[in-house]
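Biologist: Can you walk me through this model? I would like plain answers.

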Amino acid sequence: MLERLNQAMEHIERGLDGSVDPEELARVAGTSVYHLRRMFSALAGMPLSEYVRRRRLTLAAAEVVASRETLLDIAVRHGYGSGEAFARAFRVMHGVGPSEARRAGVTLSSQPRMSFRLVIEGNSGMRHRIERKQAFGVVGFKARVPLVHAGPNEAIMNFVRGIGRADLERLAKLSDQEPEGVVAVCDDLDPSRAEGTELDYYHGVVTSAPALEGMTALAVPAGTWAVFTASGPMPLAVQTLWRDVFTQWFPSNPYASRPGPEILRVRPTGDGSEADAELWLPVEGAGR
C-alpha cells in the first residue's frame, strides 16, 4: 500500500502545473478516494487538498522570486483564476504577497515533497478482529460538533453532560447487539478530516429498536467492520489507537476504510482515569 501511495505522490508532482484529480490519484494508489483521503490525512497530518495547495504555492513562490514573468501568468499556471485569488492564497502560506516576495531578503515558507515509509515501533501487536454485521440502527441523542485530533473534545463533553440521567437510562435499555451499551458514534465526517471540520455525534446505542421520543435514528447498512481494542488514559488511548490504525494497521493489512459511522465503546476502569476502549471502523477489501 505504501509503495502505491508513494506512486500517487509522484503523480501529484507531475500534475502541479495542471489539475490533480483525486479519482486518478486513488486509481494510482489502488484504493478508493475515500480511503486515500483518510490515509493521507492520518499519515501526513494534513488533508490531501491542503498538501497539493502548499506544494503548488511552494513552486509558485520559487517562480515569483526567480522569474520575470507577470504574477498573473504564474497564478494562472498554478490553477488560480485571478491575480487576487493567487495573492490571497500566497499571503496565507508565505505571510507576504507575491509582489513583496520579489524584494530582496524576504523569508518564504516551503512545503517539501512527501514520501511515506512504514516504521515499526514497540514490541506488541495491535489487537483486532474482523466482524460482518447485518444492517442495524444507531439510536441516540445527536449533535453537530467539531473534529478534535488531540485532547478532550469540549463540544462533545458539554453535549453529553446535558443529557439527563433518566434519558440515559431509557437509552441504555434499547441496546440489543454488539457493541453493547451506550456508545459514541461519529458519522458524516468531512473527507479531509481536518481539525475543526464538523461531524455528526451520536451518544447512543446499537439496536434494532426504533427511536424513542427526543432521540434520533441512524440506519447503518450491512457490511464488514474492523474492531480494535486498547486500554489506557482517556482520551489519549483512543486518539493514539485511531492514529496507529491508519498509520500502521491499514498499510500492512488487505483492507481499506469505507464510508460509514465510527463506533467507540469506552468502559472506565479503576478510578475512572483510564478505560478499556473498543473501536469499530467500517472496512472493505483493499482495491474494491
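**Overall layout**

Modeller: Among contacts in the chain with a separation of 6 or more, 72% are between residues 24 or more positions apart. Contact means heavy atoms within 4.5 Å. This is a predicted model, where local features need pLDDT of at least 70, side-chain atom pairs count only at pLDDT 80 or more, and totals for chains, interfaces and linings use all residues. Residues are numbered from 1 along each chain as its sequence is written, and side-chain values use heavy atoms, with hydrogens and water left out.

Biologist: How many helices and strands does the chain have?

Modeller: Ten helices and nine strands. Both are DSSP runs numbered from the N terminus: helices are H or I with at least four residues, strands are E with at least two. Along the principal axes, the C-alpha atoms fill a box of roughly 70 × 40 × 35 Å.

Biologist: What percentage of the residues count as buried?

Modeller: Of the 288 residues, 44% do. Buried means under 20% relative accessible area, exposed over 50%, and partly exposed in between, using a 1.4 Å probe and protein chains only.

Biologist: Start with α1. Which of its residues are buried?

Modeller: L2, L5, A8, M9, I12 and E13. Seen down the axis of α1, these buried residues fall within an arc of 150 degrees, so they line one face of the helix. The arc is that of the directions from the helix axis to the C-beta atoms.

Biologist: What is on the face turned away from the buried side?

Modeller: That face of α1 carries the exposed residues E3 and R14. The buried residues of α1 pack against α2 (22-29), α3 (33-44) and α4.

Biologist: How far apart are the end C-alpha atoms of α1?

Modeller: They are 19 Å apart, which agrees with the 18 Å that 13 residues (2-14) should span at 1.5 Å a residue. The expected span is 1.5 Å times one less than the number of residues.

Biologist: On to α4. Is R55 buried or exposed?

Modeller: R55, which is found in helix α4, is buried because its relative accessible area is 7%. A polar atom of its side chain lies 2.8 Å from the backbone oxygen of Q111. Such a polar contact is a pair of N or O atoms within 3.5 Å; within protein, one must be able to donate a hydrogen and the other to accept it, and residues adjacent in sequence count only if both atoms are side-chain atoms. Not counting residues up to four places away in sequence, R55 touches E13, L16, Q111, P112 and R113.

Biologist: And R56, what does its side chain reach?

Modeller: The side chain of R56 reaches the backbone oxygen of L16 at 3.0 Å. R56 lies in α4 (residues 48-66) and is buried, with a relative accessible area of 14%. Leaving aside neighbours within four places in sequence, the contacts of R56 include G15, G18 and H78.

Biologist: New topic. How many aromatic pairs are there?

Modeller: A search of the whole structure finds eleven. The ring centres of F86 and F90 are 5.6 Å apart and their planes are at 65 degrees, so this pair is edge-to-face. Rings of Phe, Tyr and Trp (its six-membered ring) pair if their centres lie within 6.5 Å; planes under 30 degrees apart count as stacked, over 60 as edge-to-face and the rest as tilted.

Biologist: Where do F86 and F90 lie?

Modeller: Both are in helix α6 (residues 83-94), four residues apart, about one turn of the helix. F86 is buried at a relative accessible area of 1%, and F90 is buried at 0%. Another aromatic pair, F246 and F250, is tilted, with 4.8 Å centre to centre and 45 degrees between the planes. F246 and F250 are both buried. One aromatic cluster is formed by F228, W242, F246, W249, F250 and Y255.

Biologist: Last one, K133. Which ring does it lie over?

Modeller: K133 lies over the face of F136, 4.9 Å from the ring centre. A charge sits over a ring if NZ of Lys or CZ of Arg is within 6 Å of the ring centre and within 35 degrees of the ring normal. K133 is in strand β1 (residues 127-133), and its side chain makes a polar contact with the side chain of Q177 at 3.1 Å. K133 counts as buried because its relative accessibility is 11%.
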